[in-house]
Amino acid sequence: MSKFARTAAMVVGAVALIAATAGMAAPAVAATATTAASAGGIAGISAATLAAVGTYGSLAAGVLSVAAQVTAPGFSQQGSATSFQTNPQSGLPYAMGRTRMSGLRIFAATSNTPGYTKAQDLLWFGALLTIGGQIDSIERFTADNEVVSFNVGGNANGRLANYMAQRLHMGGLQASGLATTLNGGSPPGWTSQHKLSGITHAMWGLRFSKDGDFYGAGAPEPAWIGKWVKVYDPRLDSTYPGGSGPCRALNEATYVWSQNPGLHALTWALGRWENGKRTCGIGAPIANIRVAEFVECANVDDANGWKVGGVEWTTDSKWDTLKRILQAGGAVPTQTGAMIGCLVSTPRTAIATIHSHHLHDGLSLPATKRRRDRFNSVIPRYVDEDSDWAVISGKAVTVPEYVTADKGQRTKEIDFPLVQVFSGEAATQPGQLAAYAIVNSREAGPFTWSTGPEWIGLKTGDVVYLNVPEEGLVNQPVLITRRSPDPATGKVSFAGDTETYSKHPYALGQSTTPPTSFSLTAPDLTPPAPSAAAWAVAGGTTGEGLPCLIVAGSPEHPSADAVLVDYRIAGSEPWSQSAILRATANVLHIISPLASNELYEVRVGYRVDSYDGLYTILPAVRSGSGKLSTIEEGATNSNNADSPFGGKTVGEVLSDAEIHAEGILAQALRQDDLVQVLGATNFIDGQPVSTTFLNFRDAQEGINEATATTFDLMGTKGPTGTNWNLDLVKLMVSPTQNLGQKFSELAAIGTLDDGTVVKATVQFLREVFIGDGQSYAKTILRSDVNGTFGAFSILADGVTRRSTMAFIANEFYFVDQNGGNPTRPLTYVGAQNGEPARWEFGADIYAKRIVADVIETKNIKANQVTGTTYFQQSWGGIDVGQLGAPGTRVWATFGGATPVQVSTQGVTIPLATEVTITFFVNMQRTGSDNDRVWFRLRRESAKTGSSIIGDTMRTGMSNFPNVATWAWLDKVPVEDQYLYTIEIWRDEGGGTYFGTKLICEVGKR
């Protein structure tokens, strides 16, 4: 039989243990009832044995994937709340809200009415109803759906009087076992010592009638409908921000009854505790729980009228149980940075906008979920009270608009194990949760992206706008479902799904219009308008004395292919195109001829591929005073492309001139002699064009050089020219701390009430080196408060092929993962009073074997060194003698067939310690015949009861001295105080014993 099967069998076998171990064993059963609750089992079974998955410690490893969080857990297969049965696989029940529980059978026996000897007419059952401490109340009890009430003595009222009885314990501290009587009879073997504190249970008795009027078809099916375990409500806790009341976390006496899923989930995360031991639940420290998220869930559940109810089992995964509880409240559990939280379905306001320039490694966006994950119809399965608390399939929730869009109905059946519909109520909650499942399946995601450390404050459950137009996202609300910071790079990685605000009123029945499915927005490829600061325009005259406008600038758009330049007389329409210029680093363009001393406007735009961008209109300026004050009638009009000019039209001449001018100007930007020629014939505000342009170019070069110098301080361009290597040492976050230190060091400075300035730091340093004949990897973690510090380091040396771990601390503690106070085994004591510095042990040290060259001690006290202990007992007129440690008590009885017993007083022996028991007996008797005796070794303790561990040995005794010696090796199963007893029997012969002596040697190792 597997360990798991053995454990489950012991749950049911507790009845046999109770019945078979009367006397000394009975207190042991009562004592272990609490232990069973604390460990998730009965008779001292540990929680780790019964649990299907690990406790909170295993939950803390890594960040759960989004898919794992939202996977519906389904119904538990471990037990049944609607049938009264013996189920070795079910674990222990945990009942929540208002629900039915038929009980887990833990005891069954028959007896007869006193004076009635024809048959055993009384049948007794023990029913375990729920663990988890004190419950609120039992609403009613039914037997085969017939409501039965009981008087204060436990006897049934009405027609079942004297034919049914019941006593209940409501889960609190139990001073005495349930005492139940029926028609003068009581359950055999069940005494006042059979206590199950912290467990709600019942003792139920049935009396059969000889003529078959009662229970002729067998025992009826019992059912207890009640309001079960209580929960912690932070809103009623005055120590919680915003709370008011006496409720306190981890103080079960202050808990309140509720059907709120968020509160039950929070209590399950905290764990259920009895006498300082966890009975069920995750058991996470409250510091590792995002309590505010569970409070938000509780408020949403109250507003929506969502409730939780049903029975969970301790052999189920604790995380799956948490998922089922939260599912009833429209939420899913989350775990980020070793913190347990939850995410409830409710409208959320976006708290920030992340733009394209905030992204570090691009953006991954699956535009839609897979076809099989998108459905348009859901059939909810839930518990229905009118159907005798059975699981039923409800009416399908269908969105016709989605059916049309999907070209057919796609239906999914979803289990809601802890959602119940009470008698006379509509199935509103299952319908709303099913509608949420449909609209959530239409959301897109998960999107993944990474940012810099400025966004580290975002957490799971926050909504942000993603504004990345080039990827089709224009202020798209996204719900963050995962966040993962990288201390090495400072990057923060996120994952999230789209968040459609209109889905919430639709799912709650407040709107009849379903939200539209997500789709990407086509990016706007129109180039942006140029920056006005990058361009300038001035009036002037050409070398021929013609009025002109001089346009100069540097295109700041990196993708611009061309620069568009238009002009017009200020305030008039339309614009006239002057030129389409190549987008080089510096652009210089002259517009001429123009009207003399006229106010003109110039606009500049960019062209990317075939897309013309937006224009920027520069401030209006006047053209220079030139030869033409007005354009004469019949003269060539350069504003009119069809005006004749030299045998060609103005448009043809300008086209030819532009081709040549573009090359000339390009050369002018590169050759100083051409710049001088241009400067001799063109002026801007009385200054040569060359002077104006060179001043502009020099100023721009200065700006570029300053920018390059600034970037050099930040890092260097990568070898391919496509990336930037950031220098974390040069980037300073304060006058004394760089960005690299900021990532690896956490610091705070404050002042105490007495004026003392305190600086606290936590440093995490990593170093890897290969070269100069060395290769090593080193990690150091150091915590410091005003010079008081603790640290440890791990070094792997590639040369010596050795690794070392070093600690710096005054004290070392070890903490049991199952709870309890920390143990301090080692303390460092500096040199003082002439004593050298040393390590001191601060707790009991257990060792199977110690090998040492020298053991130095100041003194040895009595009973302080555990070695072999001898116990000697004589009888037949010889006084009780002792040998070994002073004060050891021995005792014996003898006479007739009474066993002779020699027992230790009891030494606390750790788990799995080996104990050697040897003894010899020197016996002599008078008489003519031989006498046969045999010997048996018995072990007893409060936790294990009495067990025979030694083989039976026999020897013949005659009327001369006879010496017999035996030895046994025993390994104790649990830590406890043990009594080892030697029993001696004789089975025949006469005469008397004299001079008889028994010595028992117990050696612990």
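Q: Which residues touch the most other members of the largest nonpolar core?
A: In the largest nonpolar core, which has 68 residues, Ile-289, Phe-294, Leu-322 and Leu-326 touch the most other members. A nonpolar core here is a set of buried Ala, Val, Leu, Ile, Met, Phe, Trp, Tyr and Cys residues joined through side-chain atoms within 4.5 Å, and buried means under 20% relative accessible area, with exposed over 50% and partly exposed in between (1.4 Å probe, protein chains only). The largest share of this core, 7 residues, is supplied by helix H10 (residues 428-441). Another core, of 25 residues, lies apart from it and includes Ala-81, Phe-84, Ile-135 and Tyr-215.

Q: Before we go on, what kind of model is this, and how are the residues numbered?
A: This is a predicted model, in which local features need pLDDT of at least 70 and side-chain atom pairs count only at pLDDT 80 or more, while totals for chains, interfaces and linings use all residues. Residues are numbered from 1 along each chain as its sequence is written, and side-chain values use heavy atoms, with hydrogens and water left out.

Q: And the chain overall, how many helices and strands?
A: The chain has 15 helices and 58 strands, where helices (H or I, at least four residues) and strands (E, at least two) are DSSP runs numbered from the N terminus. Of its 1005 residues, 42% are buried. Among contacts with a separation of 6 or more, 64% are between residues 24 or more positions apart, a contact being heavy atoms within 4.5 Å.

Q: Back to Phe-294, what is it in contact with?
A: Leaving aside neighbours within four places in sequence, Phe-294 is in contact with Gly-262, Ala-265, Leu-266, Ile-289, Leu-326, Ile-340, Gly-341 and Cys-342.

Q: How do H6 and H7 cross?
A: The axes of helix H6 (residues 261-270) and helix H7 (residues 291-304) come within 7 Å and cross at roughly 155 degrees; axes are lines fitted to C-alpha atoms, for helices over the stretch in contact, and angles run from 0 to 180 degrees between N-to-C directions. H6 and H7 are therefore roughly antiparallel, on a scale where angles under 35 degrees count as roughly parallel, over 145 as roughly antiparallel, 65 to 115 as roughly perpendicular and the rest as oblique. On the H6 side the contact is made by Pro-261, Gly-262, Leu-263, Ala-265 and Leu-266, and on the H7 side by Val-291, Phe-294, Cys-297, Ala-298 and Asp-301. By class, that contact has 8 nonpolar, 1 polar and 1 charged residues, with Ala, Val, Leu, Ile, Met, Phe, Trp, Tyr, Cys and Pro counted as nonpolar, Asp, Glu, Lys and Arg as charged, and the others, Gly among them, as polar.

Q: What about H6 and H8?
A: The axes of H6 and helix H8 (residues 318-328) come within 8 Å and cross at roughly 165 degrees, and H6 and H8 are therefore roughly antiparallel to each other. The contact draws on Pro-261, His-264, Ala-265 and Trp-268 of H6 and on Lys-318, Thr-321, Leu-322, Ile-325, Leu-326 and Ala-328 of H8. These residues divide into 7 nonpolar, 2 polar and 1 charged.

Q: How many residues of H6 are buried, and what covers them?
A: In H6, 10 of the 10 residues are buried, so the helix is largely enclosed by the rest of the structure. What covers them includes strand S1 (93-96), S9, strand S11 (272-274), strand S12 (277-280), H7 and H8.

Q: Let's switch to Val-229, where is it?
A: Val-229 is in strand S9 (residues 222-231), and it counts as buried because its relative accessibility is 0%. Val-229 and Ile-135 are 94 residues apart in sequence, yet 4.5 Å apart in space, C-alpha to C-alpha. Leaving aside neighbours within four places in sequence, the contacts of Val-229 include Tyr-94, Trp-257, His-264 and Arg-272.

Q: Which peptide bonds to proline are cis?
A: The bond from Gly-445 to Pro-446 is cis, with omega near 5 degrees, and Pro-446 is found in the loop between H10 and strand S22 (447-451). A cis peptide bond also joins Ser-592 and Pro-593, with omega about 0 degrees.

Q: What is the phi of Leu-250?
A: Leu-250 has a positive phi of about 70 degrees although it is not a glycine, and Leu-250 counts as partly exposed at 47% relative accessibility.
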